[in-house]
Amino acid sequence: MPITPATATHRSPNGTAEAVMLELVDENGTTIGTAEKLAAHQPPGRLHRAFSVFLFDERGRLLLQQRALGKYHSPGVWSNTCCGHPYPGEAPFAAAARRTYEELGVSPSLLAEAGTVRYNHPDPDSGLVEQEYNHLFVGLVQSPLHPDPEEVGATAFVTTEELAQRHAEDRFSSWFMTVLDAARPAIRELTGPSAGW
């Protein structure tokens, strides 16, 4: 999953910088501890909780985001609507809604759980490793986007055909197809058969 420019620190309620901690989990998704964000992604990687969001418009098109060039993990590649990591003790659903708003300036009009997937994806460019127990969410977006340029380089709504063409021509995150395929049953239920997902 993506690591944001604010990976090393985030601001606490009193304004001081704190290290970003992730929730470490076992193969069943049970919390077993915490680790600093970058340390969890150093090879061979430590299995941690993450989330991936897939939002669609009223025409059944998937909202993609191109990760900002300033990100030190997978910069400039296309990926699903939003991904990230819950803070320790934060519910994945709450984290997914929070991070979607932080990155894209929009709150989903509908957001539903779509299962989980576990994967191990090394990133050859950065040398970092995605060892993740990923909570999937699908939903609808019906408001104008206001992306944070430090997080998002570009956005695009795509049909299945447009996604196939873009995927053949552009660089995508190493985890994109894994999370998309895992979320497809819920995506089909959300968008209906005519959307072709």
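In the predicted model described here, His48 is in contact (heavy atoms within 4.5 Å) with Leu22, Glu23, Leu24, Val25, Ala40, His41, His85, Glu130, Gln131, Glu132 and Tyr133, when its neighbours within four places in sequence are left aside. This is a predicted model, in which local features need pLDDT of at least 70 and side-chain atom pairs count only at pLDDT 80 or more, whereas totals for chains, interfaces and linings use all residues. Residues are numbered from 1 along each chain as its sequence is written, and side-chain values use heavy atoms, with hydrogens and water left out.

His48 is placed in strand 5, where strands (E, at least two residues) and helices (H or I, at least four) are DSSP runs numbered from the N terminus. The relative accessible area of His48 is 0%, and this residue is therefore buried; the term buried means under 20% relative accessible area, exposed means over 50%, and partly exposed lies in between, with a 1.4 Å probe and protein chains only. The side chain of His48 also makes a polar contact of 3.3 Å with the side chain of His41. A polar contact is a pair of N or O atoms within 3.5 Å; within protein, one must be able to donate a hydrogen and the other to accept it, and residues adjacent in sequence count only if both atoms are side-chain atoms. The side chain of His41 is likewise joined to that of Glu130 by a polar contact of 3.2 Å. Glu130 is found in strand 10 and counts as buried because its relative accessibility is 0%.

According to the unreviewed UniProt entry, the annotation "binding site" covers His41, His48, His85, Glu130 and Glu132. These residues are spread over 92 residues of sequence, yet they cluster in space, with a largest C-alpha distance of 12.0 Å. UniProt positions are given in the numbering used here, feature names are shortened, and annotations may be inferred rather than shown by experiment. Cys83 lies in strand 8 (residues 82-84) and is buried because its relative accessibility is 3%. Glu132 lies in strand 10 and is buried, with a relative accessible area of 0%, while its side chain makes a polar contact of 2.9 Å with the side chain of His85.

Strand 3 (residues 21-25) is largely enclosed by the rest of the structure, because four of its five residues are buried. Strand 3 runs antiparallel to strand 4 (residues 31-36), and five bridges join the two; strands are said to pair if DSSP finds at least two bridges between them. Within this pairing, Val25 stands opposite Thr31 in strand 4. The hairpin of strand 3 and strand 4 has five residues between the strands, and in this hairpin Gly29 takes a positive phi near 85°. A cis peptide bond, with omega about 5°, joins Pro43 and Pro44, and Pro44 is placed in the loop between helix 1 (37-41) and strand 5. Most residues other than glycine have a negative phi, and most peptide bonds are trans.

The largest nonpolar core has 24 residues, of which Phe54, Leu62, Leu64, Leu163, Phe176 and Ile187 touch the most other members. A nonpolar core is a set of buried Ala, Val, Leu, Ile, Met, Phe, Trp, Tyr and Cys residues joined through side-chain atoms within 4.5 Å. At least two residues of this core are supplied by each of strand 5 (48-56), strand 6 (62-67), strand 9 (110-122), strand 10 (129-140), strand 11 (152-158) and helix 4 (176-191), and the largest share, six residues, comes from helix 4. Leaving aside its neighbours within four places in sequence, Leu163 is in contact with Leu62, Leu64, Val158, Phe172, Phe176, Leu180 and Trp197. Another core, of 13 residues, lies apart from the largest one, and among its members are Leu104, Leu111, Val141 and Val152.

The mean pLDDT (the predictor's confidence in each residue, from 0 to 100) of the protein chain is 91, and 91% of its residues reach 70 or more. Over residues 1-12, however, pLDDT stays under 50, and for these residues the model has 58 contacts beyond four places in sequence. Where pLDDT is low, the predicted coordinates should not be read in detail.
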